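Student: I have a structure open and would like to learn how to read its features one by one. Could you walk me through them?

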Amino acid sequence: MAGCMETEVMQDTEVINVTVSAVCPGFRTRAVIPEEDRINDINIIIFEDGKAETLFWQEDLAESDAAGFETSLVKGRKYSILAAANLGERLEIGTLEEIEDVVAEVSEEGFRNACIPMSVFEEDVSIDEDGRIILELVRLAAKVSIRMDRSRLSKDVDMTVKSVRIGNFPKYVCLAGPSKVASVHDRYDTGFRLTTQQCESLNRSGIGGISSEVSLFMLENMQGDFPYDISDDEEKILDPEDPLYDRASYLEIEIGYKSSELVSYDSNLIYRFYLGGSRHDLDMERNSHYHILVSPEDDGLSGGGWRVDKSGIGPSVPVFNMYPGEIVTGEVGDTVRVWCECYPRTSPFDPGYEELNFDKERGIYDYTVDEDRHGVTLYLKKPGTGIVYMSAGEPINKEGMVIVVVKP
């Protein structure tokens, strides 16, 4: 009797050979970094009744946008299948419930093997007559493409892009999304970055003053609705006091600046813009492509939808002015300050240590030097006359002197 029952079960169950493949559909283009279609390694896990029954792992796939294997499955039975590419490691998953806790991670240096992590999870998969299962992988990163439009700049303004980067870059992304940065511990301050050489296309203007395009990639970061009202002529600029300031991802462009009056001596001009699918949200969704056109106007130093840091911009002609005047007078016991306003601040600078120490040894005053070395505080101790002599090197190449008169 038992033998008849076993034979009956075998007759009702048809085991067939199946080819399970994971492919990367979509753009079919090659980015400089990373290769957005390439599959370097693949995990494919087949679940039956909630348990992982078949685990496949293959690595070091050469120049591939598809990967797979052959196995035996029961025709007509329902399976759940997870495929994950470019994780750089073999997944050890025992049950379906564990999928929610599995993430793809990136380092501060970027994506593993310069490949975008991808995944797909499908439930209730049945095997049909052709014996093939094809899984379409989804990139777990968003693509951000940028162009520069210089057509509205004043003719004397030159803006050269030095670098572009993603800030608040997620450290990891859930395989079975959605995924977001929940705290400062979940993101890198600086993520994907393009160097000056990689930004070359942004500095070549084509028809209408619009440059060619460069692209960056970032893991999904679904931060939701933008918290403030936005008018038609404004873009997303977060308040630094808002908690989202440290969680929402942003684009930062570093620009070398020069005009007839101003130049970026000490540091470059910075444009910052918080990313999202529209004016009204901060969602950067996996497998999505976002296009941004940067259009500075007039002198290029106003907001125009971007938070602009122009602290490194200064006069194109070097500046050297000593204060509070050519002569400073005080009485014994007084405290006076002498300082120099100069630009660029990165020029070599000497607050006049030789003269300061000479007057200190004479007992005229004691002194402390400002933290930035561009000023001194004098503590007047003895009647007499001293000097403060300061000098700046290239490109300022100037010096100045303030006479210090100490009265009884």
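Student: Which side chain meets that of aspartate 189 in a salt bridge?

Tutor: A salt bridge is called when a side-chain nitrogen of Lys or Arg is within 4 Å of a carboxyl oxygen of Asp or Glu. Here aspartate 189 meets arginine 187, with N to O at 2.0 Å. This is a predicted model, in which local features need pLDDT of at least 70 and side-chain atom pairs count only at pLDDT 80 or more, while totals for chains, interfaces and linings use all residues. Residues are numbered from 1 along each chain as its sequence is written, and side-chain values use heavy atoms, with hydrogens and water left out.

Student: Are these two partners buried or exposed?

Tutor: Buried means under 20% relative accessible area, exposed means over 50%, and partly exposed lies in between (1.4 Å probe, protein chains only). Aspartate 189 is exposed at 51%, whereas arginine 187 is buried at 9%.

Student: Which other salt bridge does arginine 187 make?

Tutor: Arginine 187 also meets aspartate 246, at 3.5 Å from N to O. Strands are DSSP runs of E with at least two residues, numbered from the N terminus. Arginine 187 lies in strand β13 (residues 187-194) and aspartate 246 in the loop between β15 (221-225) and β16 (250-258), so this pair ties together parts that are 59 residues apart in sequence. Aspartate 246 is partly exposed, at 33% relative accessible area.

Student: How many salt bridges does a search of the whole structure find?

Tutor: The search finds 14. Among them is the pair of aspartate 359 and arginine 362, whose closest N and O atoms are 2.7 Å apart. Aspartate 359 is buried at 2%, and arginine 362 is partly exposed at 34%. Salt bridges that share partners also join Arg165, Glu252 and Arg272 into one network.

Student: What joins the side chains of aspartate 37 and arginine 139?

Tutor: A polar contact is a pair of N or O atoms within 3.5 Å; within protein, one must be able to donate a hydrogen and the other to accept it, and residues adjacent in sequence count only if both atoms are side-chain atoms. Aspartate 37 and arginine 139 are joined by such a contact, at 2.6 Å. Look for aspartate 37 in the loop between β1 (15-23) and β2 (42-48), where this residue is buried, with 3% relative accessible area.

Student: Now to strands. Why is β16 called largely enclosed by the rest of the structure?

Tutor: Strands of a sheet pair through backbone hydrogen bonds, either parallel or antiparallel. Two strands pair if DSSP finds at least two bridges between them. As for β16, 7 of its 9 residues are buried, so the strand is largely enclosed. Strand β11 (residues 158-170) pairs with β16 in the antiparallel sense over 9 bridges, and valine 161 has isoleucine 255 as its bridge partner in β16. Strand β18 (residues 269-274) is joined to β16 by 6 bridges, again running antiparallel; there, leucine 251 is partnered by phenylalanine 273.

Student: What is the strand order in the open sheet that contains β23?

Tutor: The order is β23-β25-β28-β27, 4 strands with antiparallel pairing. β23 (319-323) and β27 (365-369) stand at the edges with a single partner strand each, so one side of each has no neighbour in the sheet. Within the sheet, 5 bridges join β25 (residues 335-343) to β28 (residues 375-380), and tryptophan 339 has glycine 375 as its bridge partner in β28.

Student: Which strands stand at the edges of the sheet with mixed pairing?

Tutor: That open sheet has 4 strands in the order β24-β30-β29-β26. Its edges are β24 (327-331) and β26 (349-350), each with a single partner strand, so one side of each is left without a neighbour in the sheet. Strand β29 (residues 384-392) runs antiparallel to β30, with 9 bridges. Glycine 386 stands opposite valine 404 in β30.

Student: To finish, where is methionine 401, and how accessible is this residue?

Tutor: Methionine 401 is in strand β30 (residues 398-407) and counts as partly exposed, at 45% relative accessibility.
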